[in-house]
Amino acid sequence: MLPEIRTILFATDLSPHAPRAFRWAMSLAQRYDARIVVVHALEPLNPTARSMVDLYLPKETRQRLDAEGRERIVEKIRERLELFCQEETCTDPAGRDRVREVRVVEGRPYQAILDEAQRCGADVIVMGSHGHSAMGEVLLGSVAHRVTQRARVPVLIVRHTE
């Protein structure tokens, strides 16, 4: 039996190269009549940065700023999706309807992507990669590399070309 693709998790870092990876997710969604769940992971502040913020801002102010920042990011993702659907999927009248959900989650990006894939029952993960060298991955780490090594579903990596 051939595998079915009903749900695609599209992980984005909001880089200028995100539209290219999104086009691959949309292409799969068109071909398989699938739905897309978009996720963007907000890396939490490290403990040192968090204590500096807490030192200068009252807790209520910090929480309000955190919430406002999340709202702005979600809105930016939504705006980009609308633009993607208009510019990239003009051949698919149901383009915007294919995007089932947009999620902004906090956590280490690779783990947040894996958690969201499991939560939404993704059949495949689509994400971009900056194409670091092997040495760069060893020294810096790579979200795409970690996701491909740990994912329970297939992962389509779209390399960002210069």
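## A walk from Gly-107 through the fold

Gly-107 is buried, with a relative accessible area of 16%; buried means under 20%, exposed over 50%, and partly exposed in between, using a 1.4 Å probe and protein chains only. You are looking at a predicted model, in which local features need pLDDT of at least 70 and side-chain atom pairs count only at pLDDT 80 or more, while totals for chains, interfaces and linings use all residues. Residues are numbered from 1 along each chain as its sequence is written, and side-chain values use heavy atoms, with hydrogens and water left out.

Let us stay with this glycine for a moment. Gly-107 sits in the loop between strand 3 (99-106) and helix 4 (109-120); helices (H or I, at least four residues) and strands (E, at least two) are DSSP runs numbered from the N terminus. Which residues does Gly-107 touch, once those up to four places away in sequence are set aside? They are Ala-41, Leu-42, Glu-43 and Pro-44, where contact means heavy atoms within 4.5 Å.

Now step back to the whole chain. Six helices and five strands make up its secondary structure, and from the N terminus on they run β-α-β-α-α-β-α-β-α-α-β. Of the contacts between residues at least 6 apart in sequence, 80% join residues at least 24 apart. The chain has 162 residues, and 39% of them are buried. Its accessible surface comes to about 10,000 Å², with 52% belonging to carbon and sulfur atoms; such areas come from the Shrake-Rupley method with a 1.4 Å probe, and for residues only the protein chains shown count as cover.

The largest nonpolar core holds 21 residues, and Ile-8, Phe-10, Ile-36, Val-38 and Val-126 have the most contacts inside it. Such a core is a set of buried Ala, Val, Leu, Ile, Met, Phe, Trp, Tyr and Cys residues joined through side-chain atoms within 4.5 Å. Two or more residues come from each of strand 1 (7-11), helix 1, strand 2 (35-42), strand 3 and strand 4 (124-129). Helix 1 gives the most, with six residues. A second, separate core has 17 residues, including Ala-41, Ile-113, Ile-125 and Val-147. Val-126, back in the largest core, is in contact with Ile-8, Leu-9, Phe-10, Ala-11, Ala-21, Trp-24, Ala-25, Leu-28, Leu-156 and Val-158, leaving aside its neighbours within four places in sequence.

Helix 1 deserves a visit of its own. As background, an α-helix has 3.6 residues a turn, so residues three or four places apart point the same way.

Most residues other than glycine have a negative phi. Asp-33 lies in the loop between helix 1 and strand 2 and, at 54% relative accessibility, counts as exposed.

Let us turn to charged side chains. The structure holds eight salt bridges, each a side-chain nitrogen of Lys or Arg within 4 Å of a carboxyl oxygen of Asp or Glu. Glu-101, Arg-103, Glu-116 and Arg-119 are linked in a network of them. Within it, Arg-103 pairs with Glu-101, their closest N and O atoms being 3.8 Å apart. Glu-101 also meets Arg-119, at 3.1 Å from N to O. Because Glu-101 lies in strand 3 and Arg-119 in helix 4, this pair ties together parts that are 18 residues apart in sequence. Glu-101 is partly exposed at 24%, as is Arg-119 at 40%. Elsewhere, Glu-4 and Arg-6 form a salt bridge at 3.7 Å, N to O.

We finish on the surface. Met-52, Leu-55, Tyr-56, Leu-57 and Leu-65 form a nonpolar patch there, with about 520 Å² of accessible area together. Patches are made of residues with over 30% relative accessible area and no salt bridge, joining like charges within 9 Å and nonpolar side chains (Val, Leu, Ile, Met, Phe, Trp, Tyr) within 5 Å. Helix 2 (residues 47-56) contributes the most, with three residues. Met-52 lies in helix 2 and is partly exposed, with a relative accessible area of 43%.
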